[in-house]
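The structure comes first, and the entries follow.

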Amino acid sequence: MEKTIEALNSKLDLLIAAVARLAPPSVPETDIGTADCYVWAADPGFLEPVHRVNRVDIGLIKGVDRVRDILVDNTERFASGLPANNVLLWGARGMGKSSLVKAAHASINASGKTAAPLKLIEIHREDIDTLPKLMNLLKAAPYRFILFCDDLSFDHDDTSYKSLKAALEGGVEGRPGNVIFYATSNRRHLLPRDMIDNERSTAINPSEAVEEKVSLSDRFGLWLGFHKCSQDEYLDMINGYARYHGFDGDADTLRAEALEWATTRGSRSGRVAWQFIQDLAGRLGKPLKD
């Protein structure tokens, strides 16, 4: 009899363990007071704190002074509780679009002008359709949030852009007052040109089809364009990085090496300048500042 009970208990333990494995894991509790930056984990649905953010000082971002000032001003107004616009940073690759968003966020928090720290939350492109869930989580929080999506664009047959349109403006509930959306993209209209052309060619009313596609970008009140930099601007970036990281050396040699680096890459941009500085630091055997 005892052996039978022991066998049954053993089988029950195995059954309980199997059921536990099938059950969905518990969702970690989000504590939005532990950090200033988070990454949205859409599945299972919580904010993962980022205590060490990959960013540069705003003073090191060169060649985009006008758009930098506009973005900082818009962000300061939002952080202070004043009206502000969603922002689309579009244009040439490597010119500091995402770096500027992170740097502006850090600069405003460091200024101490706001009553509470401004929070930055990164949402991945593939999780855009979970924006309503994220906004519902944030709307009652005692903080103000920048939702940031880097390299936002949509491919053929991708309908998730409609979720973004409703989340930014146009939904019944609307965007919470403590949330703003910043996105970077190489495309000003976020959708491929041939996708718009296809819609025009197959639609009964071509102009209405194009309006449907372009209307997503219209949800962003600010369009900040980033364009390729000149040689002088590129060298200004190089010199700024060199001073910041304490690289002493001959200015003419630094200039010649930086220009050769850009020539081999076939372009000049903030990203190319940073890659040159990393190469230079490695050759000099010097660490880079955090």
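**Entry 1: helices H8 and H10.** I began with helix H8 (residues 231-244) and helix H10 (residues 270-284), whose axes come within 9 Å and cross at roughly 40 degrees. I worked on a predicted model, in which local features need pLDDT of at least 70 and side-chain atom pairs count only at pLDDT 80 or more, while totals for chains, interfaces and linings use all residues. Residues are numbered from 1 along each chain as its sequence is written, and side-chain values use heavy atoms, with hydrogens and water left out.

I took helices (H or I, at least four residues) and strands (E, at least two) as DSSP runs numbered from the N terminus. Axes are lines fitted to C-alpha atoms, for helices over the stretch in contact, and angles run from 0 to 180 degrees between N-to-C directions. I called angles under 35 degrees roughly parallel, over 145 roughly antiparallel, 65 to 115 roughly perpendicular and the rest oblique. H8 and H10 are therefore oblique to each other.

For contact I required heavy atoms within 4.5 Å. On the H8 side I listed Tyr234, Met237, Ile238, Tyr241 and Ala242, which meet Gly270, Val272, Ala273, Trp274, Phe276 and Ile277 of H10. By class, these residues are ten nonpolar, one polar and no charged. Ala, Val, Leu, Ile, Met, Phe, Trp, Tyr, Cys and Pro count as nonpolar, Asp, Glu, Lys and Arg as charged, and the others, Gly among them, as polar.

**Entry 2: helices H8 and H9.** I next looked up helix H9 (residues 251-265), whose axis comes within 10 Å of that of H8, crossing at roughly 120 degrees. H8 and H9 are therefore oblique to each other, and their crossing is right-handed. H8 contributes Gln231, Tyr234, Leu235, Ile238, Asn239 and Ala242, and H9 contributes Leu254, Arg255, Ala258, Leu259, Trp261 and Ala262. I recorded nine nonpolar, two polar and one charged residues for this contact.

**Entry 3: helices H2 and H3.** I found that the axes of helix H2 (residues 65-79) and helix H3 (residues 97-111) come within 10 Å and cross at roughly 50 degrees. The crossing of H2 and H3 is right-handed. Val67, Arg68, Leu71, Val72, Thr75, Glu76 and Ala79 of H2 touch Leu100, Val101, Ala104 and Ile108 of H3. The classes are eight nonpolar, one polar and two charged.

**Entry 4: the sheet.** Which order do the strands take? I read seven strands in an open sheet, E2-E1-E4-E5-E6-E3-E7, with mixed pairing; strands pair if DSSP finds at least two bridges between them. E2 (46-50) and E7 (222-226) are the edge strands with a single partner each, so one side of each lacks a neighbour in the sheet.

E3 (residues 87-91) pairs with E7 in the parallel sense over five bridges, and valine 87 stands opposite leucine 222 in E7. H3 lies across E1, E3, E4, E5, E6 and E7, running at about 145 degrees to E3.

**Entry 5: aromatic pairs.** I counted three aromatic pairs, taking rings of Phe, Tyr and Trp (its six-membered ring) with centres within 6.5 Å; planes under 30 degrees apart are stacked, over 60 edge-to-face and the rest tilted. Phenylalanine 181 and phenylalanine 220 form a tilted pair, 6.1 Å centre to centre with 50 degrees between the planes. Phenylalanine 181 is in E6 and phenylalanine 220 in the loop between H7 (206-218) and E7, so the pair ties together parts 39 residues apart in sequence.

Notes
Left-handed = near helix turned anticlockwise from the far one by under 90°.
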